[in-house]
Amino acid sequence: MAKEKKLVEAITSMEEDFAQWYTDVVKKAELIDYSSVRGCMILRPNGYAIWENIQKELDARFKATGVENVYMPMFIPESLLQKEKDHVEGFAPEVAWVTYGGGQELPERLCVRPTSETLFCDFYANIIQSYRDLPKLYNQWCSVVRWEKTTRPFLRTTEFLWQEGHTAHATAEEAEERTEQMLHLYADFCEEVLAIPMIRGKKTEKEKFAGAAATYTIEALMHDGKALQAGTSHNFGDGFARAFNIQYSDKDNKLKYVHQTSWGMTTRLIGAIIMVHGDNSGLVLPPLVAPTQVMIIPIAQHKEGVLEKAEELRGRLKDFRVKVDDSDKSPGWKFSEQEMRGIPMRIEIGPKDIEANQAILVRRDTGEKITVSLNELESKVEEILKNIQKEMLEKARKHLNSHIYVATNYEEFKDIVANKPGFIKAMWCGEEDCENKIKEDTTATSRCMPFEQEQLAETCVCCGKPAKKMVYWGKAY
RNA sequence: CGAGGUGUGGCUCAGUUUGGUAGAGCGCCACGUUCGGGACGUGGAAGUCGCAAGUUCGAAUCUUGUCACCUCGACCA
């Protein structure tokens with residue numbers, strides 16, 4: 001019991017202080033370290049490897065839909081950024097400027113990209129002439145910089161890693177189709193690989209991206225009941241095309257503007273993984289993104305044959321990402337370490353097991369210990385990893401569903417926001433005034449208008465005028 | 001950007017009220033004993049007390065300025 005207590009001391013419990021729990025997990029799992037640059041984090045091997053797995057899987061899914069990767073400069077000349085009015089207004093307050101180069105003041109200052117719409121548009125204007133050049137389906141993996149007022153590891157940092165897809169299409173229909181296609185690709189990825197269930201929908205006018213005609217979003221619910229926007233997909237219509245003069249000659253020999261989309265996901269996803277799956281012992285990673293899926297922990301490893309056996313098991317499990325912890329720490333230490341790092345499964349192998357031709361498999365998500373004959377090791381590991389992946393999604397979905405509330409009048413709405421962390425489904429009249437009032441009264445914001453609409457009431461939950469849409473509301477990160 | 005808080009070995013902090021030789025626990029290094037839920041012994045290394053100026057015989061401690069970080073708001077992926 002005394003040892004149990006010490007374990008808890010290492011990581012603050014989430015019930016006690018969720019923010020501190022988050023910070024403890026991020027540090028203890030060695031995902032990041034703070035750097036000497038304000039608001040910028042160092043991604044350590046454990047953290048970066050998760051990003052690499054996300055990247056690998058997403059990239060494959062993008063390419064399966066015809067997307068190609070490119071790389072654009074990290075600097076944007078001020079004149080280029082200025083071209084689309086809403087876009088500049090949206091981003092100007094949070095860009096970093098480069099004013100000197102080679103010891104000389106630059107004739108035109110350059111911003112460090114906060115996002116690359118303007119660069120892609122400038123590029124597209126040069127390379128698109130004919131309908132035969134369309135569509136253009138480009139994506140880039142890079143980092144962007146936004147000078148945020150306050151930062152938190154993964155959730156909001158000054159520089160962050162992401163991908164940004166930018167497409168140009170001949171027709172509005174095609175652009176809309178691509179916008180929604182990518183949103184669903186994101187949501188499917190999050191559910192299948194990250195085991196995080198998503199609410200899919202459209203942002204209100206107030207919440208949409210600077211310069212977009214429409215923004216779609218996927219929203220996830222964190223363990224503390226707060227919402228996190230996990231990915232967005234924008235339909236730009238021909239707004240940017242008009243600002244940047246991106247025209248093509250159509251089959252009918254008429255000059256037409258292209259229709260564009262952009263879509264992105266970021267390292268924030270790692271924050272979502274932490275806050276959806278993590279527990280009081282630390283990180284819990286879904287097997288499909290875990291850099292190490294199985295940690296083999298030899299017991300009494302100084303004894304004859306134990307380390308050799310552990311190595312032998314690792315050799316047999318080469319279809320999985322497996323490591324042996326042969327450091328000279330005590331077994332208890334290694335267990336805790338494996339748990340804090342969120343490694344989905346550990347295999348304990350000691351003299352007694354070798355004697356009995358067995359090993360103990362322990363699930364990180366449930367703590368369940370399973371004794372397995374070494375004869376069926378490979379198949380059992382595969383089966384259990386699959387179950388972990390599946391059950392983590394089910395558990396997260398259960399949490400999401402049990403934290404969605406319905407409000408049909410404003411008193412009810414305010415009561416839920418104040419007392420029940422989670423999403424609130426409520427009807428809305430479509431007016432920004434009501435969004436502002438709700439935010440002012442409760443700090444909750446409109447998260448999205450879900451694709452799956454329901455008619456919960458006839459009137460807006462805030463003003464009582466006829467309702468137009470059902471909206472998910474919540475406090476957001 | 002508003003309100004509050006914190007800066008002392010790698011980490012968590014004590015010491016500051018009342019100025020007088022820089023401390024503890026954990027971690028780290030070496031050796032030995034251990035090993036089925038964060039083992040133990042012995043020895044050792046490691047700190048310009050965030051930075052700058054001032055007061056003083058003397059500053060971690062008092063004064064002024066400054067920087068960074070954290071929490072909560074406003075803004076955002």
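Colleague: Is Glu383 buried or exposed?

Modeller: In this predicted model, Glu383 is found in helix H13. Glu383 has 12 C-beta neighbours inside 10 Å, so its class is exposed.

Colleague: How many Å apart in space are Glu383 and Val98?

Modeller: In sequence, Glu383 and Val98 are separated by 285 residues. Taken from C-alpha to C-alpha, their separation in space is 53 Å.

Colleague: Is helix H9 largely enclosed or in the open?

Modeller: Helix H9 spans residues 268-277, and its buried residues include Arg268, Ile273 and His277. Being buried requires 20 or more other C-beta atoms within 10 Å. Since 10 of the 10 residues of H9 are buried, the helix is largely enclosed.

Colleague: Which helices do the buried residues of H9 pack against?

Modeller: The buried residues of H9 pack against strands E10 (214-221), E11 (227-237) and E14 (259-266). Their helix partners are H2 (18-28), H3 (45-64) and H13 (377-401).

Colleague: How many residues of strand E19 are buried?

Modeller: Strand E19 covers residues 369-373, 5 residues in total.

Colleague: Which residue in E19 is the bridge partner of Ile360?

Modeller: Strand E18 (residues 358-363) runs antiparallel to E19, and 5 bridges join them. The two strands form a hairpin with 5 residues between them, and Gly367 in the turn has a positive phi of about 80°. Within E19, the bridge partner of Ile360 is Thr371.

Terms used: Residues numbered from 1 in each chain as written. Chains lettered and ligands numbered in written order. Predicted model: local features only at pLDDT ≥ 70, side-chain atom pairs only at ≥ 80, totals over all residues. Helix = DSSP H or I, 4+ residues; strand = E, 2+ residues; numbered from the N terminus. Pairing = 2+ DSSP bridges. Contact = placed C-beta atoms within 7 Å.
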